[in-house]
Amino acid sequence: MKPSSLWTLGVCLVVLGLGAHWFGWDALLWFPRAVLDWLSWGPAALIEAIEDSPGTIGLIALGVVLMVVAKIAMRQKGRS
């Protein structure tokens, strides 16, 4: 590891430590927790939608697959 990288890591750790001392870990970790909660919301909503109406989700998925295949075919045709 280069000395400049070690210096940067050291500065980041000092700033993190000072922030934790002044504001507390709960305040510093609020944003990462909010991001993780938001990221976990999407898959949970998708699973719930599939359980509620699998036929509708299947129809939507088939439409998306056909759109992707069409896009790939158009790119291949454009290169020829």
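Mentor: What follows is a short talk about a predicted model.

Trainee: What makes Asp26 and Arg33 a salt bridge?
Mentor: Their closest N and O atoms are 3.9 Å apart. The rule asks for a side-chain nitrogen of Lys or Arg within 4 Å of a carboxyl oxygen of Asp or Glu, so the pair qualifies. The count comes to one salt bridge.

Trainee: Why is the aromatic pair called tilted?
Mentor: The structure holds one such pair. The rings of Trp30 and Phe31 have their centres 6.4 Å apart, and their planes stand at 45°. Centres must lie within 6.5 Å, while planes under 30 degrees count as stacked and over 60 as edge-to-face; the rest are tilted. The pair is therefore tilted.

Trainee: How do you know that Trp30 and Phe31 are exposed?
Mentor: Trp30 has 58% relative accessibility and Phe31 has 54%. The cut-off is over 50%, so both labels hold.

Trainee: Which residues form the nonpolar patch on the surface?
Mentor: Met1, Leu6, Leu9, Leu13, Leu16, Trp25 and Leu29 do, with about 740 Å² of accessible area together. Helix α1 (residues 3-23) gives the largest share, four residues.

Trainee: What makes Leu13 exposed?
Mentor: Leu13, in helix α1, has a relative accessible area of 53%. That is over 50%, so Leu13 counts as exposed.

Technical notes
Residues numbered from 1 in each chain as written. Predicted model: local features only at pLDDT ≥ 70, side-chain atom pairs only at ≥ 80, totals over all residues. Heavy atoms only, no water. Patch = residues over 30% accessible without salt bridge, like charges linked within 9 Å, V, L, I, M, F, W, Y side chains within 5 Å. Areas by Shrake-Rupley, 256 points an atom, 1.4 Å probe, with all protein chains shown as cover. Helix = DSSP H or I, 4+ residues; strand = E, 2+ residues; numbered from the N terminus. Buried < 20%, exposed > 50% of the residue type's maximum accessible area, 1.4 Å probe, protein only. Phe/Tyr/Trp six-rings, centres within 6.5 Å; stacked < 30°, edge-to-face > 60°.
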